[in-house]
Amino acid sequence: MAINYKELGLANSKELFAKAVAGGYAIPAYNFNNLEQLQSILMACVETKSPVILQVSSGARKYANATLLRNMAKGAVEFVKELGCEIPIVLHLDHGDSFELCKECIDAGFSSVMIDGSHHSYEENVALTKKVVEYAHAHGVSVEGELGVLAGVEDDVVAEHSTYTRPEEVEDFVKRTGVDSLAISIGTSHGAHKFTPAQCTVDADGKLVPPMLRFDILEEIEKRIPGFPIVLHGASSVPQEHVDTINKYGGSVKSAVGIPEEWLRKAAKSAVCKINIDSDGRLAMTAAIRKVMAENPGEFDPRKYLGPARDVLKELYKHKNINVLGSAGKA
Ligand SMILES: [Zn+2]
């Protein structure tokens with residue numbers, strides 16, 4: 001039996017995006033697949049009064065089970081009420097790769113889906129996206145499409161090279177598919193290993209600076225579809241402190257450089273109204289767990305290392321909402 005997201009108390013993203021574009025901020029889209037991640041996302045967003053998009057990748061569905069995840073999102077709605085702040089919560093499928101998967105999620109109570117047809121030809125992408133939009137809109141569910149390909153690895157999504165979004169295609173794509181938002185490729189990439197130090201320049205303070213995002217492409221897109229909600233994937237900043245902590249306590253994460261937070265702040269002030277952050281959370285959680293385990297080798301109660309990891313994650317998300325996305329106080 002199909003369940004509509006409204007029965008779960010969830011929101012779709014349409015109104016949130018309209019407000020975000022007008023207000024010059026971006027809604028956080030945080031991936032989750034377990035309890036502690038969900039708790040920290042919700043606590044951070046309640047404390048900063050930020051709307052939130054809970055993202056589930058197809059890998060997360062396999063890992064945690066779709067029914068459990070949906071009921072966790074339902075629980076999230078009750079939990080934020082208990083915390084005293086009814087922030088809007090969207091349950092979103094990240095990188096749906098087929099109509100069937102999107103339909104399954106819509107029927108299971110998701111309020112938003114992404115159909116990623118970016119690996120197909122342009123015409124096939126249009127046809128697939130349109131098909132998903134027709135089904136989704138009949139159920140009040142919002143749809144994110146994608147034009148252009150991001151490099152990097154994210155669960156099942158792998159691409160060796162990036163292909164920038166072609167601004168001349170966006171107007172036609174949006175008009176023909178009816179999508180509610182569009183993920184674009186302007187130089188961000190999936191995963192923690194976005195840029196090697198060799199790809200970066202060194203600034204006056206000795207900090208590594210990655211190749212500049214193609215803000216010119218973003219501006220050109222905004223000109224062609226003014227006010228249309230744009231989405232940035234692969235927007236983790238790879239905080240050096242967490243990478244250092246991991247490596248200090250026995251880990252081996254190669255030095256990598258992410259997207260500088262100032263650049264994301266700049267993007268959030270434009271038509272970019274959803275920014276996906278996954279790798280930063282993975283690094284923060286791993287760093288916290290490694291630290292506790294190294295310092296307390298006798299500890300074997302999972303709450304004693306997952307609890308501190310949850311605290312570190314919560315601080316990371318609060319920082320993103322307040323200082324990077326600008327979504328704090330917008331719920
Ligand atoms: Zn992505």
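## H95 and the zinc site

H95 is buried, at 6% relative accessibility (buried means under 20% relative accessible area, exposed over 50%, partly exposed in between, with a 1.4 Å probe and protein chains only). This is a predicted model, where local features need pLDDT of at least 70 and side-chain atom pairs 80 or more, while totals for chains, interfaces and linings use all residues. Residues are numbered from 1 along each chain as its sequence is written, and side-chain values use heavy atoms, leaving out hydrogens and water.

So what holds the zinc ion? H95 (NE2), H190 (NE2) and H233 (ND1) coordinate the zinc ion at 2.0 to 2.1 Å (donors are N, O and S atoms within 2.8 Å of the metal, or 3.2 Å for Na, K and Ca; water is not among the atoms, so sites may look incomplete). H95 sits in strand β3 and H233 in the loop between β11 and α9, 138 residues apart (helices, H or I of at least four residues, and strands, E of at least two, are DSSP runs numbered from the N terminus). H233 is buried too, with a relative accessible area of 1%.

## Salt bridges

You'll find 20 salt bridges here (a side-chain nitrogen of Lys or Arg within 4 Å of a carboxyl oxygen of Asp or Glu). One of them joins K14 and D180 at 3.2 Å, N to O. K14 is in helix α1 and D180 in the loop between α7 and β8, so the pair ties together parts 166 residues apart in sequence. K14 is exposed at 52%, whereas D180 is buried at 9%.

Another pair is K320 and D280, at 2.8 Å, N to O. K320 is buried, with a relative accessible area of 0%, and D280 is buried at 0% as well.
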